[in-house]
Amino acid sequence: MSDQCIFCKIINRQIPSDILHEDELVVAFRDINAQAPVHLLIVPRIHIPNLNELLPEHSAILGHIHLAAKSLANESGLAETGWRLVINCGPDACQSVLHLHVHLLGGRQMSGRMA
Ligand code: AMP
């Protein structure tokens, strides 16, 4: 837990959010500024600022995030049409919240360009 971190506050129910899934390792909630019909954020419960700070002992969390993404995509009706995961890391990638998070996007045709 980082005192100033907005995602830690969501995880700890200190600020409201539309939480769709939570378990012992991760929490998933709707992005407040959705860029697609489905735009979810999947975050680890522990405060990892970004992929630059990832350690070998975090590997189970990363695997778990991907399994949660698969379930959430399926529950959101995206399994057939497709979906995208995005992780921004650092200033050039426009990371705005320094708590590792995976964007799950779907529900419309995405651009073929990555950036
Ligand atoms: P990034 O730019 O990759 O760091 O993404 C941060 C995301 O967090 C943005 O898409 C924001 O819209 C989203 N966000 C910021 N504050 C909140 C919040 N309180 N609840 C839900 N999503 C948020």
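**Briefing: the largest pocket and its ligand**

α1 (6-11), β2 (26-30), β3 (38-44), β4 (83-86) and β5 (102-106) each give at least two residues to the lining of the largest pocket. Helices (H or I, at least four residues) and strands (E, at least two) are DSSP runs, numbered from the N terminus. The ligand takes up the space of this pocket. This is a predicted model, where local features need pLDDT of at least 70 and side-chain atom pairs count only at pLDDT 80 or more, while totals for chains, interfaces and linings use all residues. Residues are numbered from 1 along each chain as its sequence is written, and side-chain values use heavy atoms, with hydrogens and water left out.

**The pocket**
- The largest pocket holds about 720 Å³ of space.
- Its lining has 31 residues, and D31, N33, Q35, H39 and H103 are the closest to the centre.
- A pocket is an open set of points on a 1 Å grid over the protein atoms alone, where a 1.4 Å probe fits, with protein on both sides within 12 Å along at least five of seven lines; lining residues have an atom within 4 Å of a point.
- Grid points are joined across faces, edges and corners, and the volume is the space filled by probe spheres set on them.
- α1 supplies the largest share of the lining, 3 residues.
- By class, the lining has 15 nonpolar, 10 polar and 6 charged residues.
- Ala, Val, Leu, Ile, Met, Phe, Trp, Tyr, Cys and Pro count as nonpolar, Asp, Glu, Lys and Arg as charged, and the others, Gly among them, as polar.

**The ligand**
- A molecule sits in a pocket if more than half of its atoms lie within 2 Å of the pocket's grid points.
- The ligand is surrounded by 16 residues (a heavy atom within 4 Å).
- The closest are D31, N88, S96, H101 and H103.
- The side chain of N88 has an N or O atom 2.8 Å from a ligand oxygen atom.
- A polar backbone atom of V97 is 3.0 Å from an oxygen atom of the ligand.
- For a polar backbone atom of C94, the distance to a ligand oxygen atom is 3.1 Å.
- The protein covers 85% of the 510 Å² of accessible area that the ligand has on its own (Shrake-Rupley method, 1.4 Å probe).
- α1 gives the most to the shell around the ligand, with 3 residues.
- By class, this shell has 8 nonpolar, 6 polar and 2 charged residues.

**Backbone angles**
- C94 lies in the loop between β4 and β5.
- Phi of C94 is near 65 degrees, a positive value in a residue other than glycine.
- R13 is in the loop between α1 and β1 (19-22).
- Phi of R13 is also positive, near 60 degrees, and R13 is not glycine.

Note on methods. A polar contact is a pair of N or O atoms within 3.5 Å; within protein, one must be able to donate a hydrogen and the other to accept it, and residues adjacent in sequence count only if both atoms are side-chain atoms.
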